[in-house]
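Please read the following briefing alongside the sequence and the three-dimensional view.

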Amino acid sequence: MRASRRIGWGVALAFGLALLLATSSAQAYPWMIRHGYTGCMPCHTDPSGGAGALTEYGRAQSDLLLRTHYGQASSSDEADRTSGFLAGIVPLPEQLRLGGDFREAFFSNKVEGAPLQQELITMRADLYGDVKVGRFRAAGAIGYVPEGDLEASLTTTPTDNVISREHWLGVELDDDGAWLLRGGRMALPFGIRMIEHTLWARVLTRTDLDDAQQYGASLSFSRDQLRGEVMAIAGNFQIHPDEYRERGYSAYVELAALSTLAVGASSLFTRATRDIVYGVTDYRYANGLFARYAPVPSLVLLGEADSVYQSLTWNGHRGGYAAFLQADYEPLQGAHLMVTGEAMNGGSSGEPSSFDAWLSGVWFLLPHIDLRLDGIVSTLGVPAPPGGSSSYTHVTTWLAQFHVFL
Amino acid sequence: MSASTKRRRRRTRGAIVAVVLALALTGASSARATPDFPQAVVEDLGLPGITIDPPQGCKLCHPTDSGGTSLQPFGQLLQQYGVQPYDESSLKEALSQVQQNEPQLVTDIEDGRDPNQDPDAANLHSPRYGCALEGGPMARSLSSMGTFVAIALLRSMRRRASRAGHAAPL
């Protein structure tokens with residue numbers, strides 16, 4: 001019985017992992033700090049980065065700094081014309097920033113004691129844009145998902161949905177756009193915004209770039225060494241009925257002590273009358289610290305640690321944590337080797353901590369195209385059944401991705 | 001099959017998918033078939049025997065007799081009121097909450113009706129997603145249409161830019 005319980009837990013967790021990985025990823029490369037970019041605004045239309053379109057400058061940097069140049073001088077100040085939208089074939093006015101992502105993956109997952117699971121996954125098929133007229137901004141994204149991302153869905157079926165992860169209106173409060181006031185559906189400002197949206201720090205805090213965006217009003221700033229954003233959360237209006245919507249706040253602030261070192265803190269509180277997971281009234285708190293550091297240009301260290309506490313009516317309290325440390329080594333421009341370690345405890349009664357390790361390789365081999373391979377070994381803590389003891393389930397995951405961005 | 005039955009079934013399927021997804025997303029402790037639970041329900045409600053899906057009674061909470069992580073709306077409801085696998089006291093507490101807050105569902109069971117077919121079970125306790133549009137084939141059509149419109153717009157912009165002499169040399 002205990003073995004079957006472990007397998008059940010493992011399958012459930014692995015299924016969760018599969019669903020997580022079956023959903024999208026976005027462009028968010030916090031390791032750009034190796035080039036002295038501590039802020040996001042120069043390259044991203046979203047002031048906190050990660051989501052939505054790139055600026056013209058960002059496109060140029062993606063060509064100059066991101067991809068492999070095969071012997072050409074990468075220090076040239078002039079970006080290739082192909083860095084533009086649709087490889088530069090379609091010129092756009094400066095006020096209009098458009099983009100798109102298509103990411104397909106082969107996913108393989110082996111849970112100890114369960115059959116091997118393998119499938120092809122469309123992780124992302126999105127188009128997005130940002131319009132700037134004077135100080136006014138409007139941004140939005142639309143995409144199609146065969147499976148998952150229900151919380152971003154515009155349509156209403158369990159599969160094959162049209163989704164919109166983000167759509168917002170904003171106004172820049174000063175001449176250089178350092179202060180931006182926005183309203184609409186946006187990614188929650190919390191922690192390090194990065195492409196690995198399945199990291200436990202993102203999942204446990206529900207702050208990933210996949211479909212965890214919420215509606216609300218946000219004020220962001222990015223000037224000199226300081227950047228931050230605070231968002232009043234009004235709920236996800238793509239979930240019904242209203243009692244499932246979380247309301248509260250989410251915020252982070254980051255200080256760049258050096259051009260290659262930034263440290264920050266995040267905080268989040270929400271209340272939902274009926275939690276989307278537990279189905280009961282839930283007061284959810286998350287607080288954390290994060291840091292990015294490039295001791296040498298070829299190496300970047302990223303780390304984050306968050307505590308998560310949930311007060312659940314009829315289900316007691318759950319106090320847990322999630323933390324990760326990632327080392328990104330770029331021996332050759334455009335080729336990244338990454339090692340990531342994670343720890344997490346969801347806070348269930350008697351739940352032992354879970355651990356995993358990622359070994360990842362990413363190659364930005366051509367303009368607008370990159371490949372990625374991840375190998376993940378997880379040791380998942382299984383809570384003790386009544387009268388029993390806790391245990392662990394081992395999971396091995398492989399994910400090979402092909403990514404094109406417009 | 002009537003349109004309302006189809007709608008109800010679709011809603012129920014959506015609810016099951018949604019809850020499984022939500023559980024999986026957070027690594028929450030998942031509900032599994034607990035063999036003693038059907039009998040515990042019988043005893044708690046003072047029923048003469050298993051009245052739903054005899055003889056096992058698993059389908060009161062799960063879509064199939066093999067149990068697993070998927071839950072019927074009534075199973076979701078019990079979980080929302082704190083049922084823990086293998087913990088009959090948590091089941092007893094949850095059933096008393098259902099009796100207090102959703103007495104019609106308990107009446108369904110007592111009368112031999114499947115509470116999962118009661119619209120109240122699906123409507124009250126399952127999140128729904130999206131706006132008003134139906135997904136499925138329509139979503140694919142909309143995606144194709146959106147792509148077509150986007151390409152048409154871009155081509156039009158490009159033509160306009162060329163006419164204005166601002167186009168980048170190709």
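This is a predicted model: local features need pLDDT of at least 70, side-chain atom pairs count only at pLDDT 80 or more; totals for chains, interfaces and linings use all residues.

Residues are numbered from 1 along each chain as its sequence is written, chains are lettered from A and ligands numbered from 1 in the order in which they are written, and side-chain values use heavy atoms, with hydrogens and water left out.

**Overall form of chain A**

- Chain A contains three helices and 18 strands; these are DSSP runs numbered from the N terminus, with helices being H or I of at least four residues and strands being E of at least two.
- Along the principal axes, the C-alpha atoms of chain A fill a box of roughly 65 × 45 × 45 Å.
- Among contacts in chain A with a separation of 6 or more, 58% join residues 24 or more positions apart, where contact means heavy atoms within 4.5 Å.

**Burial and surface**

- Of the 406 residues of chain A, 60% are buried; buried means under 20% relative accessible area, exposed over 50%, and partly exposed in between (1.4 Å probe, protein chains only).
- Chain A exposes about 14,900 Å², of which carbon and sulfur atoms supply 65%; accessible areas come from the Shrake-Rupley method with a 1.4 Å probe, and for residues only the protein chains shown count as cover.
- A:Y70, A:F102, A:W363, A:L366, A:L371 and A:F402 make a nonpolar surface patch of about 540 Å²; patch residues have over 30% relative accessible area and no salt bridge, and nonpolar side chains (Val, Leu, Ile, Met, Phe, Trp, Tyr) are joined within 5 Å, like charges within 9 Å.
- A:F402, in strand β18 (residues 391-405) of chain A, counts as partly exposed because its relative accessibility is 36%.

**Salt bridges**

- Over all chains there are 32 salt bridges, each a side-chain nitrogen of Lys or Arg within 4 Å of a carboxyl oxygen of Asp or Glu.
- A:R137 and A:D130 form a salt bridge with their closest N and O atoms 2.9 Å apart, and both residues are buried.
- A:D242 pairs with A:R245 at 3.1 Å, N to O; A:D242 is partly exposed at 37% relative accessibility, whereas A:R245 is buried at 10%.
- In chain B, B:D111 and B:R113 meet in a salt bridge at 3.5 Å, N to O.
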